Amino acid sequence: MDEKLTEEKWQAILSNNAACDGTFFYAVRTTGIFCRPSCKSKAPKRENVAVFSVAEQALAAGFRPCKRCKPTGERLPDAEWVEIMTRYMDNHLSEPVTLGHLAEVCHGSPYHLHRTFKKIMGITPVDYLQQQRVAKARQYLLQSEQGVAEIGQSVGLPNTSYFITLFKKKTGYTPSQFRQLYQATTQAAEDNISAKEASIYE
């Protein structure tokens, strides 16, 4: 159970007050990471902060220890750190996500984050983000009537020509071709089912 975020504790977080280390820990709901008050990571939004008196409470609530300030005194395994990164990207596909921004919210340096992500996933964070955005765009193309530009905007690719180019690079089709192909395939399947049903009654 997280505690009340008092003004005193909030100011300690904002000022990275090392004197408060050990008196409480704070977690950020949007990243799933918890820290010591002295952590040098970028200050979170106040409404996203949860406060705990001991690290065990934060762990029990599902938060992972910060890679930078090591609130449990132990190093967060690389695979768990990468899981935090992928979860953040999955939840923010429609927003601009740069390597620098990802490093800020996931509490590490851009270089170390990039190297660790590639070691664990086999691809770079940018490649992963592009894959997820294209996968989400495919869903929108198949399950909605949204236009191509609108879908690009929805998956964080507001430049329509870049979105079309990237989509074709990843799938072999432009968004419009992909949608038409699916619709034609679906129609053919429906026609085939109708023909089989008709033959039953002949």
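## Basis of the model

Residues are numbered from 1 along each chain as its sequence is written, and side-chain values use heavy atoms, with hydrogens and water left out. In this predicted model, local features need pLDDT of at least 70 and side-chain atom pairs count only at pLDDT 80 or more, while totals for chains, interfaces and linings use all residues.

## Packing of α3 and α5

Helix α3 (residues 78-91) and helix α5 (residues 110-121) have axes that come within 10 Å and cross at roughly 100°. Helix α3 is therefore roughly perpendicular to α5 (65 to 115 degrees). Helices here are DSSP runs (H or I, at least four residues), as are strands (E, at least two), numbered from the N terminus.

From α3, the residues Asp78, Ala79, Trp81, Val82, Met85, Thr86 and Met89 meet His112, Leu113, Thr116, Phe117, Lys119, Ile120 and Met121 of α5 (contact means heavy atoms within 4.5 Å). The residues of this contact comprise 9 nonpolar, 3 polar and 2 charged. Ala, Val, Leu, Ile, Met, Phe, Trp, Tyr, Cys and Pro count as nonpolar, Asp, Glu, Lys and Arg as charged, and the others, Gly among them, as polar.

## Positive phi in two loops

Most residues other than glycine have a negative phi. Asn16, although not a glycine, has a positive phi of about 50°. Asn16 lies in the loop between α1 (7-14) and β1 (25-28) and is partly exposed at 21% relative accessibility.

His107, also not a glycine, has a positive phi of about 60°. The loop between α4 (99-105) and α5 holds His107, which is buried with a relative accessible area of 4%. Buried means under 20% relative accessible area, exposed over 50%, and partly exposed in between (1.4 Å probe, protein chains only).

The largest pocket has a volume of about 360 Å³. Of its 15 lining residues, Thr30, Ala43, Pro44, Lys45 and Val105 are the closest to its centre. Helix α4 gives the most to this lining, with 3 residues, and the lining divides into 5 nonpolar, 6 polar and 4 charged residues. On a 1 Å grid over the protein atoms alone, a pocket is an open set of points where a 1.4 Å probe fits, with protein on both sides within 12 Å along at least five of seven lines; lining residues have an atom within 4 Å of a point. A volume is the space filled by probe spheres set on the points.

The second largest pocket holds about 160 Å³ of space. Its lining includes Met89, Leu102, Arg133 and Tyr162. Helix α6 (125-143) gives the most to this lining, with 5 residues. The lining divides into 9 nonpolar, 2 polar and 1 charged.

Terms used:
Axes are lines fitted to C-alpha atoms, for helices over the stretch in contact, and angles run from 0 to 180 degrees between N-to-C directions. Angles under 35 degrees count as roughly parallel, over 145 as roughly antiparallel, 65 to 115 as roughly perpendicular and the rest as oblique.
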